[in-house]
Amino acid sequence: MKFSAQQAALGFSLLQTLVAGSAIPRAPGTPHYFQPHGFTRRDLSVTQVQQELGPQLSNGSLLFGPSDPRWYAAIERYSTHAIPDVEIVVQPATEKDVSTIVKYCNENSIEFLAVNRGHSRSYSVASFKGMQIDMAGLLDITIQPDGKSAWFQGGTYDGQVMEYLWERGYVATTGSCSCVGMMGPGLGGGHGRQEGFYGMISDNLRNLNVVLADGTAIRVNSTSYADLLWGMKGAGHNFGIVTSFELNIYPREVDSWHYHSYTWAGDKLDSVINALNALHGNGTTPVNMAVNFGSFLLNSSVSTTNASLWWTFGYKGTAEEANKVLKPFNDIGAEYEEFGDVPYPQISDMQGTGIGGPLCAKNSSHTTSTVNLLTYNLTAERQIYNRFSDWIKEYPELGPTAQIVHEGYSTAGVDRFKSEDSAFPFREDRHLMLFDVQIPTENPRGINFTSVAREWAQEVQTMWNEGQPTRIPGAYVNYANGLEGPKMWYGHEQWRQDRLLALKKKYDPQNRFRFYNPIVSEATTA
């Protein structure tokens, strides 16, 4: 046996029960990989899967069940409000193993779900039951000889990529949170600090090695499977498993980035929002003022009853350069300030999105909602801010973790790409908004905090959307909670929906990839 495995004998029901010994005819038009087998495999055990699948995998692959000491680390997730029902974990050692695993699952009617660091917020993953394909072992990075691109395996993550490239004189488009995988966000667009210069992650993809629903391994680019490349750039979770990808990389250009974080009392709300709108204009944000994140949150050192404002800015360059742009914010009297110049890989830690920060903490139950905005509506922001105090007065247990998150990027790089050239639908939007609160682990009052949190999340989402009444609502698919629906994730234009459905029919006719904010949520059999 080639793989390393814990020889557990725990039973688990991965398979649909079939009639023993009966000949089951193939439905017309149904691919061979989806055909049921004419025998019963009731309560297939971890040991059986190890014995059958294990010898087909490469040295170093792991396959284990719940009794293995590695189990909980492998299945833990950022949010526990909706979790997949994982019955067995396989960690492939090579890319070719992914194809083998998918074929095995299809031959045995086992559902499969590829996972890279488990940062999903979506309720849709709770519909999954079966085998988790954990990409954690696929971490190789190879810079190409011309220094214009690099190959990344499917398990690479933002912090790893930022550090590796920076040390060698490069940067790439990654997400902004160091602990999150590259391809999870990338398949949904992939906003991040470099987008004002180079566009999103998906805008920089040259090649993708993809395992399709039938286990076929293909290379996707502008000349091979070009139709699928369009879909992978914005809706890729629906079409395949990316085992590796080639991405543009760029010279790092500077030696440091400047960060400046402010804590303001709530009476500064109008001044802050007006200054932000002036900064961003209509997509005219100074390119080097790459990112700002801000939140309404409870800071007891400022107030125990009202939200304070915490905002952090990231600038490509020195403090001297950044302060010319930050002057309007420096002029607003802050309760606290923190600032400095650091190498780019450290900017995540300074802005609260590093691996050791709260955004990377796992195993909390998050209730969220999200919208995209073109600009901040001051009236809506006041309403949301005032209601924050009302909610935490009635439910003080929610106060310590509640956040009303605002994200703003320089967007010149994103604007250089045409909207119709990819499945990413919301290129004109300027701000990503997120409501997030964690459900308390202790509940002596016996309150249904999940219901309360959902009501609050919906209220905030509604207020944001009512603040832009002439615009059709949209939701960044990587922040979506799974309740919004395909048009909110992938665009309201009928041609987009039709094109995605046509790709789905062509490349995944049985809808095997349906567990993350899916285009189509039901499995099909023909």
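User: What counts as a salt bridge here, and how many does a search of the whole structure find?
Analyst: A salt bridge is a side-chain nitrogen of Lys or Arg within 4 Å of a carboxyl oxygen of Asp or Glu. This is a predicted model, where local features need pLDDT of at least 70, side-chain atom pairs count only at pLDDT 80 or more, and totals for chains, interfaces and linings use all residues. Residues are numbered from 1 along each chain as its sequence is written, and side-chain values use heavy atoms, with hydrogens and water left out. Searching the whole structure gives 20.

User: Lys129 forms a salt bridge with Glu87; how many residues apart in sequence are the parts tied together?
Analyst: The closest N and O atoms of Lys129 and Glu87 are 3.9 Å apart.

User: Is Glu87 buried or exposed?
Analyst: Buried means under 20% relative accessible area, exposed over 50%, and partly exposed in between (1.4 Å probe, protein chains only). Glu87 has 8% relative accessibility, so it counts as buried.

User: Which residue forms a salt bridge with Glu428?
Analyst: Glu428 is partly exposed at 38% relative accessible area. Its partner's closest N atom and the Glu428 O atom are 3.8 Å apart. That partner, partly exposed at 22%, is also in contact (heavy atoms within 4.5 Å) with Asp429: Arg471.

Notes
Lists of a residue's contacts leave out its neighbours within four places in sequence.
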